[in-house]
Every structure is written in structure tokens, then in C-alpha cells.
Amino acid sequence: MTPVLKRIHHVEFAVGNAKQASYFYRQAFGFDQIAYRGPETGCRERASYVLRQGDIFLVLTTPLRHDDPLSVWLMLHGDGVCDMAFEVEDAAAAHAHAVAAGAVSLRPAEKTVDAAGEITTAAIRTYGEVAHSFIQRGGYRGFLPGFEKREIKGKPTGLTCIDHIVGNVADRQMDRWVRWYDDTLGLGRFVSYDDKDISTEYSALRSTVVASADRSIKFPLNEPADGRKKSQIQEYIDANLTAGVQHLALKTDDILATIAALRANGVDFLPVPAGYYDRVWDRVGDVAEDRERIKELRILIDRDDSGYLLQLFTRPLQDRPTFFIEIIQRCGSESFGKGNFKALFETIEQEQALRGNL
Ligand code: FE2
């Protein structure tokens, strides 16, 4: 039977220096630190910091030994997402189902019992070198085994939950991974965009979104399409050496306040092309938010049949042009900002050209 994915339990990043990365995510995005695992708590191989804002849990992990496979992972890919972990009813059943459907096993189900209770975890591999852990909490009271409470209060910026997580896969691999998500995790095809939707004069991509039945988990999958110059998806794959997580979209109920706070914290967003606000209102019509304020904060707007959305994208958060974060507020719209793709991709291409990758 297809596993029931209850929620995204956490997203784990492999980073070169988790102590500094956790400071960045706390100071820039307003996360609280809630837990820690490392040599001081009896884990001599790795240090991990757990950050939380609303229902978003991030884990930042750094390997402490040269012979840890995670050190090789970092050398190949640089800082990035290494695990999108799900909470499930039954980790052994979820793992068995996925493996029977063709997934590669990374860890079979293993039960841990400690002072915080009993917990069972397992893991499979998805695209690139990214894992999906399955976490069966029962009534487990801690974050995960080995973690201790270490609280540092952040200044929240209004981020509430993960809206979607985007993967970039290699040319002609998208349909394969769409099928893989259906077969192994029961995430069905939600919506597709072809290269006519997402192309500029130079470069293009195709995207298909897979989602859970209640759409609480949404994973768009991108692949590069042929254009006159290099697709931004190909640039990512070249920098990451393989497929990987391109961006995490974090939801807010008040994007004006969230973007104002993030800008004040020094978060670096993609610039909005000149002239964007001269044309956008004809396309999207009335919105509840103040138009002048939207323009001041350089936020993007899009509309579909069911409503509108406001969104903005950071520049890559590390020196390789790989992972970034999107901030999104949905006002009825369940789509992904198709109307902004063209305007935005021209900006991305300018940045690619500056990096010498176009
Ligand atoms: Fe997105």
C-alpha cells in the first residue's frame, strides 16, 4: 500500500560549517535554534543544529571527520539539501513499499529507544544524492535521537510552513522522476509547464509538479530544455555535479512584513526587472495589498483562475549558483507564478552572464 506521508518533518542541509550557517539562518531569516547534536551530546562524527520557525524545521549538519561520506558529498556538491524527511505512520512499511517500487534503500527501518521514547526511522534515495527519510514518531518527545534542547530565540519574520520544494534533474529525466514519485511515495502529477511557458530568447526549462492528495506536500521537478544558450537548470546541475534541490518555498501570511524584515536583515533578493510594475497591474488586476508598498519592497505578483499570489526569490545562498529560497503568500492561487517566469528568467540570465555561465 502507498505510504501515508503526514508532513515534511524537516529539511536537512549538509554544510561546511554548521555553526556559522545556523547563525546566518537565525539572523537573516529569523529562525529559532531549538536543538543540537554533536560531540558535546555524544555524537563525535557530526554536528547538527535544528532551527524552527512556525512549522518549518531545518537541520544544518557538518561532518567533523575527513572520512565521513558527508565530507565527500560536500566536496562534490557544496552546501545544499541532503534530506527531505517525511513523518509517516509506519516507517518500515513506507520504506518497504518504496523499495519494492524501485527506490534505492539508504537505511532500512531501525528503532531507537531512549529517555524521550521510541522512534523508528528509515531512508531512501531520490534524485541526485538527496535522501528521503521516513520518521515514525509514535509519541517520541525529543526532536530525534541524540539531540538535546539548545534554545536560542530568533526574531521571527512571519514564515509559517514549507509551501513547496523544487528539484532540478538532468535533461530528459523529469518524466522518469515524476513516475518515480507516484510509484514510490504516491505523489501524483498536479500540474505541468512546458518550455513554451518557461522560456526566454535564450534558455528554457520544463517543470512538472507532483503533490500529495491534499496538496500539503508539493514537489515541482524541473529539467533543462534546449535554448540558444545554457538553461539556468543546466547551470545548477553543472555547479552541483548532479540533480539536487533548487529551492525551498516558505510561506507567509503577510509578505509585506516578511520581505521588509528580511531586507532589513540583509537577505539578498533577485532584482525585479525595470518596468515590471508598469505592466504587472494590467495582468493581475486588484489585490488587497497596497500597490505602492509592493513596488517599494520589489515583490512579484501573479494571478490564475482561482486567485493571486505574491512571491520573491533570494539570490543563491552560497557561492555556487545552486540553492535559494522563495518567499510566497497565496491569496487563492494554487499555482507557482508562471506569469513571473519570463520577467524573472531574464534577470536570472543577466546574473548567469555575470558568472560567465550563459
Ligand atoms: Fe517556487
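A nonpolar core is here a set of buried Ala, Val, Leu, Ile, Met, Phe, Trp, Tyr and Cys residues joined through side-chain atoms within 4.5 Å, where buried means under 20% relative accessible area, exposed means over 50%, and partly exposed lies in between (1.4 Å probe, protein chains only). The model is predicted, so local features need pLDDT of at least 70 and side-chain atom pairs count only at pLDDT 80 or more, while totals for chains, interfaces and linings use all residues. Residues are numbered from 1 along each chain as its sequence is written, and side-chain values use heavy atoms, with hydrogens and water left out.

**Exercise 1. Describe the largest nonpolar core and state where it lies.**

Step 1. The largest nonpolar core has 88 residues, and those with the most contacts inside it are Phe134 and Ile301.

Step 2. Helix 4 (residues 174-185) gives the most to this core, namely six residues; helices (H or I, at least four residues) and strands (E, at least two) are DSSP runs, numbered from the N terminus.

Step 3. Both domain 1 (5-152) and domain 2 (159-355) give residues to this core, so it lies between them; the domain bounds come from an automatic or database domain assignment.

Step 4. Apart from this core lies another, of twelve residues, among them Phe57, Ala85, Phe143 and Phe147.

Step 5. Leaving aside neighbours within four places in sequence, isoleucine 301 is in contact (heavy atoms within 4.5 Å) with residues including Tyr276, Trp281, Val284, Leu309 and Asn340.

**Exercise 2. Characterise the contact between domain 1 and domain 2.**

Step 1. The centres of the two domains, taken over C-alpha atoms, are separated by 25 Å, and the contact takes 39 residues from domain 1 and 37 residues from domain 2.

Step 2. The buried area, which is the accessible area (1.4 Å probe) that two parts lose on being put together, summed over both, is about 3000 Å² between these domains, with carbon and sulfur atoms giving 72% of it.

Step 3. Between domain 1 and domain 2 the count is zero salt bridges, a salt bridge being a side-chain nitrogen of Lys or Arg within 4 Å of a carboxyl oxygen of Asp or Glu.

**Exercise 3. Examine two salt bridges, Asp68 with Arg46 and Arg355 with Glu235.**

Step 1. The side chains of aspartate 68 and arginine 46 meet at 2.7 Å, N to O; aspartate 68 is buried, with a relative accessible area of 7%, whereas arginine 46 is partly exposed, at 30%.

Step 2. The side chains of arginine 355 and glutamate 235 meet at 2.9 Å, N to O; arginine 355 lies in the segment after helix 9 (338-354) and glutamate 235 in helix 5 (residues 232-240), so the pair ties together parts that are 120 residues apart in sequence.

Step 3. Arginine 355 is partly exposed, with a relative accessible area of 33%, while glutamate 235 is buried, at 4%.
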